[in-house]
Structures are given as structure tokens and as C-alpha cells.
Amino acid sequence: MEKVIEFKKPKKRKVIKEDSFVARLPYPLTIHTIVDVVERMGVEHEGTVLPGLKYIERQIVKKEREE
């Protein structure tokens with residue numbers, strides 16, 4: 001009796017949009033990492049978002065130095 005092995009066809013991978021990217025991020029995320037990603041990759045409404053993130057980053061650094 002001959003044993004027949006059937007292989008399933010591989011599933012199609014999801015198509016990634018050309019304007020997307022894959023990034024390895026450290027865990028846990030820090031505000032410094034988030035600011036770095038925004039600076040390097042950009043974000044919508046960068047003129048509003050980046051100054052806000054920088055403000056939050058300064059507040060966190062200030063708080064960490066006090067402790």
C-alpha cells in the first residue's frame with residue numbers, strides 16, 4: 001500500500017501597501033522612541049504633533065530628574 005502525502009497550497013500573504021513600513025520597536029515603548037519614530041518616518045499633521053510630543057518628552061525628563 002502506497003502512502004500518499006498531500007501538501008496544502010500556501011496561503012497568500014497580505015499585500016503591504018507601498019507606503020507602509022515594518023519597524024522593530026523596543027519594549028516597553030518610551031516617549032523618546034515615539035519622538036524618534038515621528039522624526040524619522042513622519043506623521044500626519046507633524047507641525048502639530050511633533051511640538052506636542054517634544055513638550056511631553058521635556059515634562060517626563062524633568063519629572064525623572066526630580067525623582
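Visitor: Why is Arg 40 called exposed?

Guide: Its relative accessible area in this predicted model is 66%. Exposed means over 50%, so Arg 40 counts as exposed.

Visitor: What makes Arg 40 and Asp 36 a salt bridge?

Guide: A side-chain nitrogen of Lys or Arg has to be within 4 Å of a carboxyl oxygen of Asp or Glu. The side chains of Asp 36 and Arg 40 meet at 2.9 Å, N to O, so the pair is a salt bridge by that cut-off. Side chains of opposite charge can pair when their charged atoms come close.

Visitor: Where do Asp 36 and Arg 40 lie?

Guide: Both are in helix 1, four residues apart, which is about one turn of the helix. An α-helix has 3.6 residues a turn, so residues three or four places apart point the same way.

Visitor: Is Asp 36 buried, exposed or partly exposed, and why?

Guide: Asp 36 has 31% relative accessibility. Buried is under 20% and exposed is over 50%. The value falls in between, so Asp 36 is partly exposed.

Visitor: How many salt bridges does a search of the whole structure find?

Guide: The search finds two. Besides the pair of Asp 36 and Arg 40, there is a salt bridge between the side chains of Lys 54 and Glu 39, at 2.8 Å, N to O. This pair links distant parts of the chain: Lys 54 is in helix 2 and Glu 39 in helix 1, 15 residues apart.

Visitor: Why are Lys 54 and Glu 39 called partly exposed?

Guide: Lys 54 has a relative accessible area of 29%, and Glu 39 is at 40%.

Visitor: Why does Thr 33 count as buried?

Guide: Thr 33 is at 15% relative accessibility. The cut-off for buried is under 20%, so Thr 33 counts as buried. Thr 33 is in helix 1, residues 31-41. Setting aside residues up to four places away in sequence, Thr 33 touches Leu 25 and Pro 26.

Visitor: Which residues of helix 1 are buried?

Guide: They are Ile 31, Thr 33, Val 35 and Val 38. Helix 2 is included in what covers the buried residues of helix 1.

Visitor: What makes up the largest nonpolar core?

Guide: Five residues form this core: Ile 31, Val 35, Val 38, Leu 50 and Leu 53. Helix 1 and helix 2 are the elements that give two or more residues to the core. Helix 1 gives the most, with three. One member, Val 35, is in contact with Leu 50, Leu 53, Lys 54 and Glu 57, leaving aside neighbours within four places in sequence.

Visitor: Why is Ile 56 called partly exposed?

Guide: Ile 56 is at 40% relative accessibility, which lies between the cut-offs of 20% and 50%, so Ile 56 is partly exposed. Ile 56 is found in helix 2. The C-alpha atoms of Ile 56 and Ile 31 are separated by 7.8 Å, although these residues are 25 residues apart along the chain.

Visitor: Where is His 45, and why is His 45 called exposed?

Guide: His 45 is in the loop between helix 1 and helix 2, the latter spanning 46-66. At 62% relative accessibility, the value is over 50%, so His 45 counts as exposed. Phi of His 45 is near 60 degrees, a positive value in a residue other than glycine. Gly 42, which follows helix 1, has a positive phi near 85 degrees.

Visitor: What joins Tyr 27 and Pro 28?

Guide: A cis peptide bond joins them, with omega about -5 degrees. Pro 28 is in the segment before helix 1.

Visitor: Why is Leu 29 called partly exposed?

Guide: Leu 29 has a relative accessible area of 47%. Exposed would require over 50%, and buried under 20%, so Leu 29 is partly exposed. Leu 29 lies in the segment before helix 1. With Leu 25 and Ile 34, Leu 29 forms a nonpolar patch on the surface, with about 260 Å² of accessible area together.

Visitor: How many helices and strands are in the chain?

Guide: There are two helices and zero strands. Of the 67 residues, 10% count as buried.

Terms used:
Residues are numbered from 1 along each chain as its sequence is written. This is a predicted model: local features need pLDDT of at least 70, side-chain atom pairs count only at pLDDT 80 or more; totals for chains, interfaces and linings use all residues. Side-chain values use heavy atoms; hydrogens and water are left out. Buried means under 20% relative accessible area, exposed over 50%, partly exposed in between (1.4 Å probe, protein chains only). Contact means heavy atoms within 4.5 Å. Patches are made of residues with over 30% relative accessible area and no salt bridge: like charges are joined within 9 Å, nonpolar side chains (Val, Leu, Ile, Met, Phe, Trp, Tyr) within 5 Å. Accessible areas come from the Shrake-Rupley method with a 1.4 Å probe; for residues, only the protein chains shown count as cover. A nonpolar core is a set of buried Ala, Val, Leu, Ile, Met, Phe, Trp, Tyr and Cys residues joined through side-chain atoms within 4.5 Å.
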